[in-house]
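Dear colleague,

Please find below the structure that I am handing over to you. My notes on it follow.

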Amino acid sequence: MIVRWRPFSVLTVVLAGLSALLAIQKRQLRVEAEELRQTVRRQVDLPHVGMVVPAYEGVTLEGDEVRVGVAAPETRQVLFMLDTRCGNCLVTLPAWNRMAEAVERGGASVEVYGLSLDPAPETQAYAQEHGLRFPVVLFDDERYRELYRVRGIPITLVVDEIGAVEYVRVGSIFGERADPVVDSVVTAAGGTMIRRAPA
């Protein structure tokens, strides 16, 4: 038996194939567009490795004037951005204290600062209550918060002597996940990984 294709049938099959191909391409374009949106969001809205933060002239809770964001030559700064009402900041404090102690013990040229988004009285009470082991700077200038891209907290940054971000983590650090993050920050700051006793 000979099957005869009519021109209309052939055209229908070709159009169906093209429709399927277009649907697949449209789906791929949607996925690529969403990936591009996420990349742009990360690069524009959030702090990221390679961005440069400006120098911020601040005052610690002890009254010392410091320059945050731009360190002395051959020096790194580890910056912890916090808010006294932030639950994720609170659970991250032990990891931040460990990082501060580790870079201090490591002998590298590292400055560690907490940057508080709150006024001095709340920040002072918070630092005393939770035993912060690093100086805290009042980071109350809205313009600088924008330049540092503070959209969510906590934020952990390591910046070099010109303010280029070498490490960034947005979000809490706690539990078993804290160890590799602490090591990454200490290494980015020019220190060595923390030696831990075997479990």
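I begin with a caution about residues 192-199: pLDDT stays under 50 there, and the model has 10 contacts beyond four places in sequence for this stretch. Please bear in mind that this is a predicted model. For the chain, the mean pLDDT is 86, and 87% of the residues reach 70 or more.

The next topic is strand S6. This strand spans residues 155-159 and is mostly covered, with five of its five residues buried. Both of its faces are covered: Ile155, Leu157 and Val159 lie on one side, Thr156 and Val158 on the other, and all of them are buried.

Which strands pair with S6? One is strand S3 (residues 76-82), which runs antiparallel to S6 and is joined to it by five bridges. Within this pairing, Val78 has Val158 of S6 as its bridge partner. Strand S7 (residues 165-170) also runs antiparallel to S6, and five bridges join the two. Here Val159 stands opposite Val165 of S7. The hairpin of S6 and S7 has five residues between the strands, and Gly163 in this hairpin takes a positive phi near 90°.

I turn now to the charged side chains. In general, side chains of opposite charge can pair when their charged atoms come close. The count for this model comes to nine salt bridges.

One of them joins Arg76 and Glu166, whose closest N and O atoms are 2.8 Å apart. This pair links distant parts of the chain, as Arg76 belongs to strand S3 and Glu166 to strand S7, 90 residues apart. Arg76 has a relative accessibility of 23% and therefore counts as partly exposed. Glu166, at 30%, likewise counts as partly exposed.

Another salt bridge is formed by Arg133 and Glu101, with 3.0 Å between the closest N and O atoms. This pair, too, links distant parts of the chain: Arg133 is in the loop between helix H3 (120-130) and strand S5 (136-138), whereas Glu101 is in helix H2 (residues 87-105), 32 residues apart. Glu101 counts as partly exposed because its relative accessibility is 28%.

A further salt bridge brings together the side chains of Arg145 and Glu142, at 3.6 Å from N to O. Both residues lie in helix H4 (residues 142-147), three residues apart, which is about one turn of the helix. Arg145 has a relative accessibility of 15%, so this residue counts as buried.

Finally, a network of salt bridges links Asp83, Arg85 and Asp118.

With kind regards

Note on methods: Residues are numbered from 1 along each chain as its sequence is written. This is a predicted model: local features need pLDDT of at least 70, side-chain atom pairs count only at pLDDT 80 or more; totals for chains, interfaces and linings use all residues. Side-chain values use heavy atoms; hydrogens and water are left out. Buried means under 20% relative accessible area, exposed over 50%, partly exposed in between (1.4 Å probe, protein chains only). Helices (H or I, at least four residues) and strands (E, at least two) are DSSP runs, numbered from the N terminus. Two strands pair if DSSP finds at least two bridges between them. pLDDT is the predictor's confidence in each residue, from 0 to 100. Contact means heavy atoms within 4.5 Å. A salt bridge is a side-chain nitrogen of Lys or Arg within 4 Å of a carboxyl oxygen of Asp or Glu.
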